[in-house]
Amino acid sequence: MYERNASHIESLVRDQNDWRGGCINLIASENVTSRRVRGIMGSDFAHRYAEGHPGERYYQGTEIIDEIESDLKQHMKSLFRCKHADVRPISGTIANDAVFSRYIRPGDIVMVNSTPAGGHISHHKAGSVGKYTRNIVNFPLTPDGWHIDVDHTLDLLKSFDPRVMIMGKSLFLFPEPVKELAPYCRKKGIHLLYDAAHVLGLVAGGQFQDPLAEGAAIVTGSTHKTFYGSQRGVILSNLDDEEWRKIDKGAFPGSSSNHHLETLVALTFATYEMLEFGAEYARQVVNNAKHFARKLFDSGFKVQGEQFGFTETHQVAIDMSDLGGGESAARNLKDNRIIVNMNLLPFEPLDHATSASGIRLGVQEMTRVGMKEPEMERIAELFKRCLMDKKFVGDEVKEFRAKFQEVGYSFD
Ligand SMILES: Cc1ncc(COP(=O)(O)O)c(C=O)c1O
């Protein structure tokens with residue numbers, strides 16, 4: 001009776017593959033896995049459980065996943081040059097929650113980047129931090145809005161002691177002042193957490209600040225944005241063993257039980273790709289973002305952060321308020337097969353979230369399918385024709401994108 005409905009789902013999946021394969025994807029939090037990573041998905045691991053740690057499971061029959069998970073942990077530690085890696089969180093939000101659940105008590109003060117400054121929902125009242133405390137204080141920003149104001153922060157800290165500081169964000173153009181604030185945090189016993197969800201692949205490739213080396217106590221991240229693995233999370237640290245045990249318990253049983261073995265296996269494979277090709281990939285991502293930003297700026301777009309070279313990451317931000325706002329630009333681009341998201345910009349009121357003035361663009365996925373500086377120029381030109389000259393460019397986008405279907409920086 002329901003087989004027709006089920007078949008319809010299969011056809012929707014084919015539609016999705018065709019649609020997104022024919023679009024320029026510039027969502028900054030996404031990426032694509034390689035053909036071989038996709039090939040090992042759908043294995044028997046998709047059906048299994050393995051709670052706990054390799055060699056200390058609650059179920060039998062886990063020897064093979066034990067070997068793979070141990071391998072992943074070891075290589076994550078060597079990639080990020082750290083003592084501990086928890087690879088069990090099933091997403092970046094779950095990784096954050098594993099840490100927050102151990103470190104934040106009711107009433108504690110937590111310092112974060114505000115939403116317009118780029119902070120993620122999991123750092124805020126409506127998200128994970130809000131489950132543990134309502135005392136959330138935003139970092140003060142420099143007048144340009146793109147940096148934490150360190151002097152002002154230190155001044156504010158004379159009047160209260162936060163328990164946790166969270167750096168790292170979703171709208172993320174420039175490094176955070178980790179080395180500037182880490183000594184203060186150490187002196188005061190403040191847990192300094194760096195959320196590397198967006199920049200994890202750039203850190204792995206040595207193209208962005210290394211937050212642990214700069215003094216962060218803990219790094220969390222998603223494994224599928226600039227880090228081009230399957231959709232999961234990770235926690236990294238050089239904490240002493242006793243302190244790390246708290247985080248370990250936060251990951252299991254605190255924030256997950258079974259940890260989705262199929263994507264763990266896929267992440268292990270992708271981590272080898274990152275070890276092999278990460279430096280070259282991350283360099284190209286940052287070069288592409290800078291080039292794209294420059295070309296958009298030269299075409300007349302209000303690209304943010306000009307005075308700082310536009311960007312040091314995979315992201316580019318544009319203020320679209322003179323061109324109808326971020327929401328209408330994102331919709332218009334989508335109708336032309338270019339996928340982006342609207343975004344609040346620093347200092348914009350929170351209640352503009354559904355009519356944000358900016359758009360956020362990420363070049364990591366298009367870099368992975370082989371695009372370089374000339375292609376960034378072409379995309380900037382398509383943006384101008386679509387958003388300024390109001391021309392339909394969808395067919396051109398499809399034709400252009402058809403030439404970039406292979407996933408690079410991989411063993412494919
Ligand atoms: C800064 C930041 N942290 C955490 C997350 C959550 O990651 P996930 O979607 O893997 O749960 C995101 C997601 O975009 C993010 O931008």
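Ile-247, Gly-250, Ala-251 and Ser-255 are the buried residues of helix H10. Keep in mind that you're looking at a predicted model.

**Helix H10**
- H10 covers residues 241–255, which makes 15 residues.
- From first C-alpha to last, H10 reaches 20 Å, close to the 21 Å expected at 1.5 Å a residue.
- What do the buried residues of H10 pack against? They sit against strand S4 (84–86), helix H4 (92–103), strand S9 (218–222) and strand S10 (233–237).
- Here's a handy bit of background: an α-helix has 3.6 residues a turn, so residues three or four places apart point the same way.

- Is S10 mostly covered or mostly open? It's mostly covered, with 5 of its 5 residues buried.
- Gly-233, Ile-235 and Ser-237 point one way from S10, while Val-234 and Leu-236 point the other way, and all are buried.
- S4 pairs with S10 in the antiparallel sense over 3 bridges, and Ile-235 in S10 is the bridge partner of Asp-86.
- S9 also runs antiparallel to S10, and 5 bridges join the two.
- On that side, Ser-237 of S10 is the bridge partner of Ile-218.

**Around the ligand**
- How many residues surround the ligand? There are 15, and the closest are Ser-91, Gly-92, Thr-93, Ser-170 and Ser-222.
- H4 gives the most to this shell, with 3 residues.
- Sorted by class, the shell has 12 polar, 2 charged and 1 nonpolar residues.

**The four-stranded sheet**
- 4 strands make an open sheet in the order S11-S12-S15-S14, with antiparallel pairing.
- S14 and S15 (residues 358–362) pair in the antiparallel sense over 3 bridges, and Ile-359 in S15 is the bridge partner of Met-342.
- Helix H11 (residues 261–298) packs on the sheet, touching S11 and S12 (315–319), and its direction makes about 20° with that of S12.
- Helix H12 (residues 326–335) packs on the sheet too, touching S14 and S15, and its direction makes about 170° with that of S14.

Definitions and conventions. Residues numbered from 1 in each chain as written. Predicted model: local features only at pLDDT ≥ 70, side-chain atom pairs only at ≥ 80, totals over all residues. Expected span 1.5 Å × (residues − 1). Buried ≥ 20, exposed ≤ 12 C-beta atoms within 10 Å, placed from the backbone. Contact = placed C-beta atoms within 7 Å. Near = placed C-beta within 6 Å. Nonpolar A, V, L, I, M, F, W, Y, C, P; charged D, E, K, R; others polar. Pairing = 2+ DSSP bridges. Axes fitted to C-alpha atoms, helices over the stretch in contact; angles between N-to-C directions.
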